[in-house]
Amino acid sequence: MSSDIAKKVRANPKFAELVSTRNSLGMKLTIATLVLYYGFILLIAFDPKLLGTKIGAGVMTLGMPVGLVVIILSFVIVGIYVKKANASFDQLTKQIVEETK
Amino acid sequence: MSRLKTLLTTAFLSALPTLALAAGPDAGQTQQQATNWTAIGMFVAFVLFTLGITYWAAKQSRSAAQFYTAGGGITGFQNGLAIAGDYMSAASFLGISGLVYMSGYDGLIYSVGFLVGWPIVTFMIAEPLRNLGKFTFADVASFRFGQTPIRVLAAIGTLVVVAFYLIAQMVGAGQLIKVLFGLPYNYAVVVVGVLMIVYVTFGGMVATTWVQIIKAVLLLSGATFMSVMVLAHYGFSPEALFAEAVKIHPKHEAIMSPGGLVSNPISAVSLGLALMFGTAGLPHILMRFFTVKDAQAARKSVFYATGFIGYFYILTFIIGFGAIVLVSANPDYLTDATKPLLSIRGGSNMAAIHLADAVGGEAFLGFISAVAFATILAVVSGLTLSGASAISHDIYATVMKGGKANEADEIRVSKMSTVVLGIIAVALGIAFEKQNVAFMVGLAFAIAASANFPVLLMSLKWKGCTTRGAVIGGFLGLAAATFGVIFSPSVWEAVMGNPKGSALIQLSNPAIFSMPIAFIGIWIFSLLDGSARAQADKDGYEDQYIRSETGIGAAGASAH
């Protein structure tokens with residue numbers, strides 16, 4: 001790629017929009033992942049009894065749904081990014097590429 | 001004697017952070033069982049089918065792009081399955097279900113660690129990687145840098161990770177096959193080595209991908225069937241399953257809550273860092289992103305992969321509990337009926353295998369055994385291909401030939417490298433038969449997180465990063481990770497036999513200090529770098545940045 005193309009892309013306001021919305025979404029979701037995972041680990045490390053709390057009349061503990069939710073949320077977080085990216089980032093990228101030709 | 005071994009394996013599994021679970025099933029010193037012809041028959045069927053695919057793939061694997069990346073012609077969905085097939089090792093399946101069988105809830109904590117790396121891969125790595133790279137992650141890391149030093153660093157990072165991962169897989173394969181098929185250890189290692197060489201040299205990435213896809217489908221189907229059978233036994237009520245497990249398991253209600261796995265917060269966070277960021281630095285996983293046509297497909301493939309892997313870990317949890325209720329008290333699966341659970345034949349890693357017999361009889365046992373072997377084959381093929389690519393593409397074509405290698409020569413070098421790597425893997429697999437290889441996967445993840453990942457991330461995101469900074473920081477991270485593993489309890493005490501508590505670094509994984517060392521090293525040595533090369537590195541950032549964000553100029557899918 002020649003630097004002329006880089007200059008042209010850089011001058012396109014859509015490029016700034018693409019990069020800033022994508023970075024901010026990526027950053028928010030990265031933080032969400034870190035909080036989700038390290039929250040889970042530190043909760044276990046500092047208060048192991050909490051997840052052993054019984055819910056309901058039987059043997060079921062709070063830890064079971066919490067663990068399941070952590071797994072499902074990891075997938076949902078990826079899904080949110082992919083949905084958003086498919087809907088708007090790809091569109092913007094396509095426009096930038098077209099306008100740079 | 002065998003009971004002592006079982007007990008030792010058990011004690012080892014429950015006492016240590018069991019990093020082996022990442023990839024290398026530490027089946028311990030298993031006993032050879034009677035030859036299982038059903039399992040061998042099913043495995044032979046798998047091999048013949050995949051060899052057929054290899055033959056078909058060989059006819060189209062003529063160009064370098066075909067060989068390394070299947071010409072970029074894999075769809076997002078297929079690649080998602082292949083990534084899952086690459087990542088769901090025999091140890092994830094057998095090791096984690098075995099951990100759940102032994103300790104209950106702790107197994108779930110472990111699975112979560114292996115899953116949370118995937119969102120990070122999605123947000124930070126997948127798209128820029130596809131936009132900038134061609135065949136190996138070194139293409140990306142060295143995009144604007146001096147080629148030789150970064151390629152050498154990346155190739156070393158790749159080969160070290162691949163070597164440790166491979167040894168763990170080979171030893172695991174040998175131990176497993178002894179139990180599952182009743183074949184001698186050395187036969188098993190040689191069979192794995194030969195088949196992997198055939199898949200990779202003749203079929204390249206096309207065959208490797210299909211082996212991984214087929215294996216992922218078989219493993220997910222088998223695990224689903226087992227989970228459904230277990231749940232059906234309890235009228236699809238998890239509460240009823242758990243209640244029965246609590247009644248049978250010697251630890252009773254303790255299996256429903258976190259146990260000893262996460263007791264030291266610093267150690268737990270350190271292990272978490274290695275698992276999370278190590279995933280984003282595993283060369284055989286990163287290489288999979290070049291097999292799809294563009295950044296969008298790369299992103300979709302992580303989405304599917306995360307779904308399959310997350311689903312798989314939920315299944316292994318149900319399977320572990322299923323083994324508690326259906327295997328642990330059945331004398332058929334025990335070596336000593338007076339010691340339920342602990343005296344399980346072949347050690348706790350066999351929990352899922354015995355459960356297969358309990359829910360599906362001998363035919364299904366044969367199927368699951370064959371799937372376990374196929375799983376190892378798929379993982380080692382991916383590893384070997386990425387190791388061979390580092391040698392042929394990074395070292396031979398770029399460093400030695402200055403990027404002007406003849407394509408046919410480059411492919412020849414990578415095929416030769418595959419054969420050599422295969423022979424080395426077999427030799428090491430045999431040499432390490434009696435060794436405890438549990439630490440090796442931990443080391444592989446630590447190095448991936450402390451050398452490959454920081455160099456990749458800083459070269460992508462930080463304009464001020466220079467060749468010298470990346471190389472020094474990368475090597476510092478590699479050295480710190482290696483040092484931290486050698487002086488950790490799992491190597492210094494468990495492998496070298498030094499007294500308990502004598503290890504210099506009381507952490508299960510060094511990532512908490514080796515990752516910062518790499519990042520700070522890259523940062524400081526880049527800042528101090530006033531060379532002409534440093535200026536060129538920074539000047540090259542703008543073009544790299546535009547291409548990584550938009551894909552303009554990216555290597556497209558090659559014509560078929």
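This is a predicted model: local features need pLDDT of at least 70, side-chain atom pairs count only at pLDDT 80 or more; totals for chains, interfaces and linings use all residues.
I started at B:L220, which sits in helix α10 of chain B, residues 185–233 (helices are DSSP runs of H or I, at least four residues, numbered from the N terminus). Residues are numbered from 1 along each chain as its sequence is written, chains are lettered from A in the order in which they are written, and side-chain values use heavy atoms, without hydrogens and water.

Is B:L220 buried or exposed? I get buried, at 9% relative accessible area (buried is under 20%, exposed over 50%, partly exposed in between, with a 1.4 Å probe and protein chains only). Beyond its neighbours within four places in sequence, I find B:L220 in contact with B:L81, B:M88, B:F308, B:Y311, B:F312 and B:L315 (contact is heavy atoms within 4.5 Å). B:F312 is 92 residues away in sequence, yet the C-alpha atoms are 6.6 Å apart.

Next, the rings. I count 30 aromatic pairs over all chains (Phe, Tyr and six-membered Trp ring centres within 6.5 Å; planes under 30 degrees apart are stacked, over 60 edge-to-face, the rest tilted). B:F317 and B:F321 have centres 5.1 Å apart and planes at 65 degrees, so I log them as edge-to-face. Both B:F317 and B:F321 are buried. B:F487 and B:W492 come out tilted, because their planes are at 35 degrees, with centres 5.2 Å apart. B:F487 is partly exposed at 22%, and B:W492 is partly exposed at 24%.

Note on methods
Helices (H or I, at least four residues) and strands (E, at least two) are DSSP runs, numbered from the N terminus.
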